[in-house]
Amino acid sequence: MASRIKSIFSGSVGNLVEWYDWYIYSAFALYFAPAFFPKGDQTAQLLNSAAIFAVGFLMRPLGGWLLGLYADRHGRKAALLLSVLLMCAGSLLIALTPAYASIGVFAPVLLVVSRLLQGLSVGGEYGTSATYLSEMADRKNRGFFSSFQYVTLIAGQLLALVVQLALQKVLTDAQLHEWGWRIPFVIGALAALVALYLRQHMEETDAFVKQEETEVPQGEIVNNQKISKMRVLLQYPREVLTVVGLTLGGTIVFYTFTTYTQKFLVNTAGFTKAEATLISFWTLAVAMVLQPLMGAISDRVGRRPVLLFFGVGATLGTVPLMTLLGQTHTSWGAFGLLVVAMIIMSGYTSINAVVKAELFPTEIRALGVGLPYALTVAIFGGTAEYVALLAKDQGVEAWFYWYVTLCAVISLIVYLRMADTKHTSRITHD
């Protein structure tokens with residue numbers, strides 16, 4: 001049990017570092033954008049940096065595919081090592097790239113390359129870490145242990161925010177624009193090296209080891225011809241569509257009430273940036289604590305009831321919560337409403353990884369979890385903020401609330417029709 005917990009910890013810490021590196025780009029774009037692009041107005045510079053951020057987002061499905069294949073062929077540990085190595089390289093490249101004034105167009109080109117590496121890394125990290133944590137956990141506590149994927153994901157967001165607040169206190173605005181913005185990327189690269197060291201000492205999962213020992217893996221030989229992992233995956237269309245359906249509502253609710261909320265509190269509710277940052281910080285802290293609690297509940301009552309709790313809550317609660325949040329003028333009021341949203345959201349975030357992992361057999365588990373998830377997040381989660389801001393710009397902000405609700409309804413239908421994976425799990429090794 002001690003070695004199991006140590007391996008789960010090592011995998012989780014690596015996930016934290018990856019998501020810290022992913023979010024630090026957005027957090028410090030205001031400071032580094034002028035260094036990478038020709039002199040111009042701030043909005044144009046931020047748009048350029050945001051476009052490159054989007055490129056990284058679009059790379060996530062490719063990462064889910066490539067690293068999913070790698071994890072199913074060469075092991076979960078090998079893929080997790082490669083994932084954190086890619087993230088380290090991306091962060092280090094951003095930290096060391098000279099400004100546009102020194103190397104011209106090569107500066108934004110190198111920034112794009114770094115985000116491509118990070119997009120591949122994050123895209124591959126989800127499916128592989130979800131598979132690793134689910135396979136490494138014992139059957140009795142699988143929901144609890146796999147919930148630490150989102151504990152560390154949220155912790156990465158919080159750490160990025162803490163580093164930003166600390167540097168804003170220590171350095172002047174001019175110093176942050178000139179060179180201070182490089183510090184968080186150096187921290188990310190160094191932290192990735194620590195995660196790399198920890199992951200080198202992880203154990204491989206029994207499920208993968210025993211599958212490797214099997215002479216003919218299930219579904220890989222047809223008419224004496226070895227077929228690709230993608231063709232094997234296509235033998236499970238219901239499971240793939242289930243991943244898409246259960247992710248759809250969850251990812252939009254997640255990005256709405258975490259990433260977008262900070263801007264919503266300023267633009268719609270009228271809070272200052274400092275107030276919105278503080279509210280978001282403590283809300284995320286609450287969400288982090290909720291993950292293992294909800295995961296443990298799923299180990300007792302099943303995955304499906306917890307998912308249904310999220311589906312019903314998001315369907316009935318999104319419109320009133322967003323409406324009230326836009327009208328509230330007290331920090332405690334906003335915090336209370338967002339805590340309710342976090343409780344509902346945790347019905348999805350805490351167990352979505354284990355549910356997806358339990359749908360697929362060992363030989364295609366990482367690919368089956370990672371690829372359809374990454375595609376759904378890139379299309380719906382990645383565009384949630386843009387859709388919200390577009391609706392507000394057109395004077396129909398409430399339409400976005402109903403858009404989120406509709407996506408939650410689709411996921412709720414999937415939850416109602418799917419089996420409880422706690423009882424039908426394809427993870428057979430304990």
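V113 has a relative accessibility of 35% and therefore counts as partly exposed, a class that lies between buried (under 20% relative accessible area) and exposed (over 50%), as judged with a 1.4 Å probe and protein chains only. The model is a predicted one, in which local features need pLDDT of at least 70 and side-chain atom pairs count only at pLDDT 80 or more, whereas totals for chains, interfaces and linings use all residues. Residues are numbered from 1 along each chain as its sequence is written, and side-chain values use heavy atoms, with hydrogens and water left out.

V113 belongs to helix α6, which covers residues 106-136; helices here are DSSP runs (H or I) of at least four residues, numbered from the N terminus. When residues up to four places away in sequence are not counted, W181 touches F28, Y31, F32, A35, F36, I94 and L176, a contact being defined by heavy atoms within 4.5 Å.

Side chains of opposite charge can pair when their charged atoms come close. The structure holds 8 salt bridges, each being a side-chain nitrogen of Lys or Arg within 4 Å of a carboxyl oxygen of Asp or Glu. One of them joins R199 to E125, with the closest N and O atoms 2.7 Å apart. Because R199 lies in helix α10 (residues 182-200) and E125 in helix α6, this pair ties together parts that are 74 residues apart in sequence. Both R199 and E125 are buried.

A salt bridge also links the side chains of D299 and R303, at 3.0 Å from N to O. D299 is buried, with a relative accessible area of 6%, and R303 is likewise buried, at 2%. Beyond its neighbours within four places in sequence, the contacts of R303 include R142, G143, I351, E358, D420 and T421.

A further salt bridge connects E397 with K392, the closest N and O atoms being 3.7 Å apart. E397 is buried, with a relative accessible area of 14%, while K392, at 31%, counts as partly exposed. Elsewhere, salt bridges that share partners join D72, R76, E135 and R365 into one network.

Terms used. Helices (H or I, at least four residues) and strands (E, at least two) are DSSP runs, numbered from the N terminus.
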